[in-house]
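Take a look at the model below. The walk through it goes from a chain contact to a helix pair and then to one residue.

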Amino acid sequence: MILESFRRLKQAGVLGMNGRNADYIMRCNPRSFFPLVDDKVLTKKLAESFQIPTPVLYCVVDRYGDVSGFQEALRGICQFAVKPARGSGGSGIVLIRDCTEKGYVTQSGELISPQNLFYHITDILSGIYSLSGLEDRAIMEALIHPDPVFDAVSYQGVPDIRIVVYRGVPVMSMVRLPTKASDGKANLHRGAIGAGIGMNQGTTITAVHRSRVVGNHPDTGNPVSGIQVPYWEKMLWIAARSFEMTGLGYIGVDLVIDRDRGPLLLELNARPGLAIQLANRKGLKERLDRIDQAPAEVFATAEARVQWAREAFM
Amino acid sequence: MKRPALWLALFLFLLTAALLFYRIVWLGYPVFPTAPGKTWQLTINTRVMPETGEARVLLGLPAENPGRMVVEETISSGALNLSLTREGPNRIGIWSGPVEPEGQEIAYRTTILIRPRRAPPERPPGIGPYPDRFTREEIALAERLAGRWKGLPPSDLIRAIAATAGGEWKNPPPEMKDLAGWRALARRDGREKSLLLLLWAANLPARLVEGLPLSESIQNQLLTWIESWNGRSWEIILPEKGKVISDSEAFLPLSVGGVPALRVYAGELTEIRWTLSRQVVSRWSLHGERIRRSGRFLDQWSLFQLPPEFQRTFRILLLVPIGTLIIGFLRNMIGFPTFGVFMPVLMALAFRSTGLAYGLGIFAGILLAGYAVRRGLDKLRLLLVPRMSVILTLVIACFTFLALAGNKLGLREFMAVGLLPFVILTMVIERFFVLVEEAGIREGLRTAAGSGAVSIIAYGIISWDPLQLTFFVYPELLAAVAAVQILLGRYTGYRLSELFRFRAVGGSS
């Protein structure tokens, strides 16, 4: 029975954790390039030089002494996101949507005093949220106003789009939709929904919630499939360009769609998770193998790679 | 990528195989080093009470001969000085020094391997001159009495002389005058000494021996017997009944040649006990002894050459790689979630002193306490390093409390708590907290349970004696372990848990 399951997974072209680590991450992602994607400030700078739009960076706090200075740096901007530069999985992020006399109002309507926000920033600096537990820096960037396209299927928060890219070719993608259980965060671990997106058209297909296939959003009740993702071509192009940008051969590209600015690169991930296979009910391995067999001219430009991927991965 | 790893693994396997082959075929190592052999464990316990001055206790200890091997010894002397010396054929332990008024415990424990049929390629002993305490008349009397059995083969002669201890004089009966003289001598010197004199007079090598009969027993007194050489082996005469026993392996001598096996100066012994118990131990110890004496290169560089207290460490250390191999297997092939790679191994090592149930209980208890405190600390918003220090302090405080509580309750397991890996525990608390915060309590408990299960499995492996011994005798097996580790590192197939995780994907095709 177990052997049968093995065979079925293999036939479906599912990529396992061991295979991902040994055959893709270790082979394609040189360790020395990791800092580029692990630090959001570096990623942002890099993206700028490649004309890839990212959320506007207001300021960076890297020393404890500078913590109180950020208010000045924001100069009256009352909507911003505080993030750890090396955070993972969305931890340590605070979204501020308004400032009042009493303090800051968060996305979920909570009021926090400036004092508490300072504390949060010192927490970030001490490395609580950082990947390796090392000292970190805090960044303040523009608050995203999500495009209304996913409003019917998300509970608060900002849905984000993950595209896995192999050797510059977009392989598979999904949109992560916040739920009540995930506390408005677009994080599958916490209970967000992952909906697969067809590579060709950019419409959502099936969805997964805590490793169960679902048809509707658990909070809003609306169907999650059949939604046309706007700016699809552009997002695929950004994803494809991330290869030239970082030199990493196997990468997860996270994007958000801003109401005003369109698709923005949020962050890059050198160890993208495997749950995307569940969201698409398709195996990654099978597609990765096809990319390895693709003719050399496919890899010439980002445009060619996107074109090839849209045709190959219907 | 896959090729070089395979070649390296193959090379390591071949290396192991070659070394094993060499050791077994050329050096005669046991194929199954753990096959059992019969041994006896001798324990001597006593307490010295002080008199004036420095006390000295001389105890006869088992000596080695071809039929009897002292496999390992542990000696505790408390505050006393200990030295081991040889006096002729005897091994003597000397405990000396000032004794506190409440006395001082002395304990000696050894494992003795009896190897039947390996007995004496011993050189026949010579007969020395008579001791000075016998007068010329007494010697003449003894020679006259012994002379009547001239011509008897030695072993019959020994039996005839032994029988006189019971007053039985085989024919021809001796003259009344000689008999009376002999009885007077025997009364004065005791049965043993008079028998010895008679044996010497009959030209038989003989000696007085103190020791123990080899049977499971606790004695507070040693047995004295006489050994006499029949030309091939020692025969044992029990002077009380005049009985002769040919099987010299039935007794364990502690002192030969009339030297008392127990001498005490400036002190008094209370409750001395010699305890003998039968034990089945593996044949490796026998080989350990042989290896220690061998001049071969691999024998010289064997772990058996290490002093015993370090040997024990290495017996465990050599199995740690297997522990990590198992963890790799459970993580990469089964998909157990664990806190890091080393935490379960270090836990398993600690379980050796705390015991499994206590160890796991303490681990869970401290983790819960740490988690509660960590939750509280979160509100204080402490910086990383000081916060970890606080948790570490908490862990150490828990250890201290448990040790003290263990002392009060008489639970050794609690007192051994200090051996738990406190740094790892601290980090586990932090990681557990972060995991619970980020992925929920379910995920946190799942990982904690996974770690616990893996450490139980690792514990089972590193405390499995036969495996310990096998690796100790053949440390080259480490190369084979490394080979398997390399192969595991190249396993890029699915984890068992992924069959479940991705069932929705596999099912659709």
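The paragraphs below take these topics in turn.

This is a predicted model. Start where the chains meet. Chain B brings 22 residues into contact with 31 residues of chain A. Three helices of chain B each supply at least two residues of the side that touches chain A: helix 13 (422–439), helix 17 (496–501) and helix 18 (503–507). By class, that side of chain B has 10 nonpolar, 6 polar and 6 charged residues.

Now follow helix 13 of chain B to a partner in its own chain. Helix 10 of chain B, residues 356–380, packs against helix 13 of chain B at an angle of about 55°. Their axes are 9 Å apart. The crossing is right-handed. Helix 10 of chain B contributes I366(B), L367(B), G370(B), Y371(B) and R374(B) to the contact. Helix 13 of chain B answers with L425(B), V428(B), I429(B), E430(B), F432(B) and F433(B). The residues of this contact divide into 8 nonpolar, 1 polar and 2 charged.

Finally, turn to helix 17 of chain B, where L499(B) lies. Is L499(B) buried or exposed? L499(B) is buried, because 20 other C-beta atoms lie within 10 Å, and 20 or more is the cut-off for that class. Leaving aside residues up to four places away in sequence, L499(B) touches I2(A), S5(A), F6(A) and L9(A) of chain A, along with Y494(B). L499(B) and I334(B) are 165 residues apart in sequence, yet their C-alpha atoms are 9.8 Å apart in space.

Notes. Residues numbered from 1 in each chain as written. Chains lettered and ligands numbered in written order. Predicted model: local features only at pLDDT ≥ 70, side-chain atom pairs only at ≥ 80, totals over all residues. Contact = placed C-beta atoms within 7 Å. Helix = DSSP H or I, 4+ residues; strand = E, 2+ residues; numbered from the N terminus. Nonpolar A, V, L, I, M, F, W, Y, C, P; charged D, E, K, R; others polar. Axes fitted to C-alpha atoms, helices over the stretch in contact; angles between N-to-C directions. Left-handed = near helix turned anticlockwise from the far one by under 90°. Buried ≥ 20, exposed ≤ 12 C-beta atoms within 10 Å, placed from the backbone.
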